[in-house]
Amino acid sequence: MQNSTFAQTAAGPCAGRCRSSVRPLWDASRRLMGILMCLITSQLVAAAATLTIVIDAGHGGHDYGAVVNGVSEKDVALSVAQRLRQELQQRCGGNVDVILTRERDEYVDLAERARIANNARADLMLSLHCNSLGEAAHHTSSAQAIDGAVLFIAPPPRLISDIPPADVMQASATFNAMRGNRLTAIEMARLLSRHLVTTAARKSCEVRQDNLLVLTAARVPAILIEMDYLTNDEQARWLAGDDGQRLLAKAISDAIIEHALNNGRKISLY
Ligand SMILES: [Zn+2]
């Protein structure tokens with residue numbers, strides 16, 4: 001009978017052979033499934049991972065930055081930093097971790113500001129400032145004619161040629177990491193530039209590079225934002241006012257969220 005033949009075959013020597021040939025296949029497919037599940041899970045975790053943003057309110061304490069018409073750069077920077085944190089937390093909830101380098105009117109060393117971002121392994125560090133032509137130029141017609149935002153990123157890193165052989169691997173890894181951070185900062189600067197002109201209605205937003213310590217000491221993507229000119233009376237009022245600071249926080253958070261979404265980070269709640 002077919003059934004008995006089948007039963008015999010299944011119970012006979014063949015069964016052992018079959019088990020021995022099927023089981024490795026089964027084990028292999030289970031291992032493959034395990035690997036796939038790990039990959040899928042790690043992708044989901046990566047997609048849901050918290051975005052860490054360090055906001056550096058420039059100057060502080062005895063360092064007022066530019067002071068024009070009674071408006072201090074340090075106060076504008078801190079106020080926009082706090083509004084930006086609130087905006088990001090409202091829009092992203094627990095998907096974003098926002099760290100301020102200073103919470104109050106206090107001086108924080110420039111290297112310490114970069115260290116805070118490095119220790120947090122931040123996805124991005126933004127240093128907030130206001131531009132100025134100097135107090136002496138304040139009442140000149142040229143100062144009143146100059147306005148607009150400016151973004152600074154660090155210049156390209158240089159690979160030193162006379163590295164001791166034992167340090168070549170480490171130097172190369174650092175160089176590649178810095179180059180990667182700078183490329184991210186360039187991408188981010190493009191978005192910031194667009195949103196500062198559209199959402200925050202700045203006249204223009206140039207992107208420049210400079211060896212600013214807060215940028216060169218950062219081992220994370222870092223950008224310094226000159227939000228506009230305090231030496232331009234109209235822009236000084238806008239920078240110090242509620243509407244201006246609200247729009248700046250909105251524009252900068254728009255850029256941060258767009259960059260995160262472009263890179264597969266689903267951080268926005270709406
Ligand atoms: Zn400044």
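Visitor: Where is the place of asparagine 131?

Guide: Asparagine 131 lies in strand S5; strands (E, at least two residues) and helices (H or I, at least four) are DSSP runs, numbered from the N terminus. This is a predicted model, in which local features need pLDDT of at least 70, side-chain atom pairs count only at pLDDT 80 or more, and totals for chains, interfaces and linings use all residues. Residues are numbered from 1 along each chain as its sequence is written.

Visitor: Is asparagine 131 buried or exposed?

Guide: Asparagine 131 counts as buried because it has 21 C-beta neighbours inside 10 Å. A residue is buried if 20 or more other C-beta atoms lie within 10 Å of its own, exposed if 12 or fewer, and partly exposed in between, with C-beta atoms placed from the backbone.

Visitor: Which residues does asparagine 131 touch?

Guide: Leaving out residues up to four places away in sequence, asparagine 131 touches Val150, Glu226, Asp228 and Tyr229. Contact requires C-beta atoms, placed from the backbone, within 7 Å.

Visitor: How many bridges join S1 to S5?

Guide: There are 5 bridges between strand S1 (residues 51-57) and strand S5 (residues 124-131), and these strands run parallel. Alanine 57 stands opposite leucine 128 in S5.

Visitor: Changing topic, how do the axes of H3 and H9 cross?

Guide: The axes of helix H3 (residues 73-92) and helix H9 (residues 242-262) come within 8 Å and cross at roughly 50°. H3 and H9 are therefore oblique to each other: angles under 35 degrees count as roughly parallel, over 145 as roughly antiparallel, 65 to 115 as roughly perpendicular and the rest as oblique.

Visitor: Which residues meet there, in H3 and in H9?

Guide: Among them are Ser79, Val80 and Arg83 in H3, and Gln245, Arg246 and Leu248 in H9.

Methods:
Axes are lines fitted to C-alpha atoms, for helices over the stretch in contact, and angles run from 0 to 180 degrees between N-to-C directions. Two residues are in contact if their C-beta atoms, placed from the backbone, lie within 7 Å. Two strands pair if DSSP finds at least two bridges between them.
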